[in-house]
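Open the model in your viewer and keep the selection tool at hand. We will go stop by stop.

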Amino acid sequence: MENCIFCKIVAGEIPASKIYEDSEVIAFLDISQATKGHTLVVPKKHVRNVLEMSEEMASQLFSPIPKIARALKKVTSASGLNIINNNETIAGQTVFHAHIHLLPRYNKEDGLAIHFTEHDPNFEELGLLAGNIQKEIQA
Ligand code: AMP
Ligand code: ZN
């Protein structure tokens, strides 16, 4: 797609620190390096995000992730690794060509802070919501 920075990287029109490539997927170091080794795994074909992906594209995109993650963790001597994917602006997406962030983790002050606010469960509401989502998936 025209004016898409990741399409330009896939086409070799702008440089990237590439670490992996197969027929459908490319992975390169994120320019911002939120933590050392921060990597983006990107489908070669332009798609906006996971919400617009086919099952086939999703399986092609996700299947190399374990081996890339293991290599990243080993080479950086990280203690662990977060996998993050942002879909739409409200969720933090800024580049609208799908990508999965792999973020090696070193310690609690390594530059990445993820916080979940916990709420007391309302089991009636959870049951209703789960039922509605199940129906939508099967529709
Ligand atoms: P997101 O906010 O999830 O859409 O993530 C977009 C990511 O793309 C950010 O972490 C940017 O640092 C990264 N990024 C933008 N331009 C480039 C580029 N030319 N090469 C590598 N990473 C990039
Ligand atoms: Zn693109």
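Here is a tour of the fold, the metal site, an aromatic pair, the salt bridges and a surface patch.

**Before you start**

This is a predicted model: local features need pLDDT of at least 70, side-chain atom pairs count only at pLDDT 80 or more, and totals for chains, interfaces and linings use all residues. Residues are numbered from 1 along each chain as its sequence is written, chains are lettered from A and ligands numbered from 1 in the order in which they are written, and side-chain values use heavy atoms, without hydrogens and water.

**Stop 1: the whole chain**

Show the chain as a cartoon. From the N terminus the order is α-β-β-β-α-α-β-β-α. The C-alpha trace spans about 50 × 35 × 25 Å along its principal axes. Of the 139 residues, 32% are buried. Buried means under 20% relative accessible area, exposed means over 50%, and partly exposed lies in between (1.4 Å probe, protein chains only).

**Stop 2: the zinc ion**

Select ligand 2, the zinc ion. Which protein atoms are its donors? They are Cys4 (SG), Cys7 (SG), His46 (ND1) and His97 (ND1), at 2.0 to 2.3 Å. Donors are N, O and S atoms within 2.8 Å of the metal (3.2 Å for Na, K and Ca); water is not among the atoms, so sites may look incomplete. Along the chain the donor spacing is C-x2-C-x38-H-x50-H.

Why is the arrangement tetrahedral? The 4 donor atoms subtend angles of 104 to 116°, and four donors count as tetrahedral if all angles lie between 85 and 135 degrees. Cys4 is buried because its relative accessibility is 6%. Cys7 is buried too, at 13%.

**Stop 3: two rings**

Select Phe6 and Phe28. They form an edge-to-face aromatic pair, 5.5 Å centre to centre with 75° between the planes. Rings of Phe, Tyr and Trp (its six-membered ring) pair if their centres lie within 6.5 Å; planes under 30 degrees apart are stacked, over 60 edge-to-face, the rest tilted. Phe6 sits in helix 1 (residues 5-10) and Phe28 in strand 2 (residues 25-29), 22 residues apart. Both Phe6 and Phe28 are buried.

**Stop 4: salt bridges**

How many salt bridges does the structure hold? A search of the whole structure finds 4. Each is a side-chain nitrogen of Lys or Arg within 4 Å of a carboxyl oxygen of Asp or Glu.

Select Glu88 and Arg48, which meet at 2.8 Å, N to O. Glu88 lies in the loop between strand 4 (80-84) and strand 5 (100-105), and Arg48 in the loop between strand 3 and helix 2 (55-62), so the pair ties together parts that are 40 residues apart in sequence.

Next, select Arg105 and Asp110, a salt bridge of 2.9 Å, N to O. Arg105 is buried at 17% relative accessibility, and Asp110 is buried at 13%. Shared partners also join Lys18, Glu21 and Lys44 into one salt-bridge network.

**Stop 5: a surface patch**

Switch to a surface view. Leu129, Ile133 and Ile137 make a nonpolar patch of about 320 Å². Patches use residues with over 30% relative accessible area and no salt bridge; like charges are joined within 9 Å, nonpolar side chains (Val, Leu, Ile, Met, Phe, Trp, Tyr) within 5 Å. Areas come from the Shrake-Rupley method with a 1.4 Å probe; for residues, only the protein chains shown count as cover. Leu129 belongs to helix 4 (residues 123-138).

Terms used. Helices (H or I, at least four residues) and strands (E, at least two) are DSSP runs, numbered from the N terminus. Four donors count as tetrahedral if all angles lie between 85 and 135 degrees; four count as square planar and six as octahedral if opposite donors are over 155 degrees apart and all others between 65 and 115; anything else is irregular.
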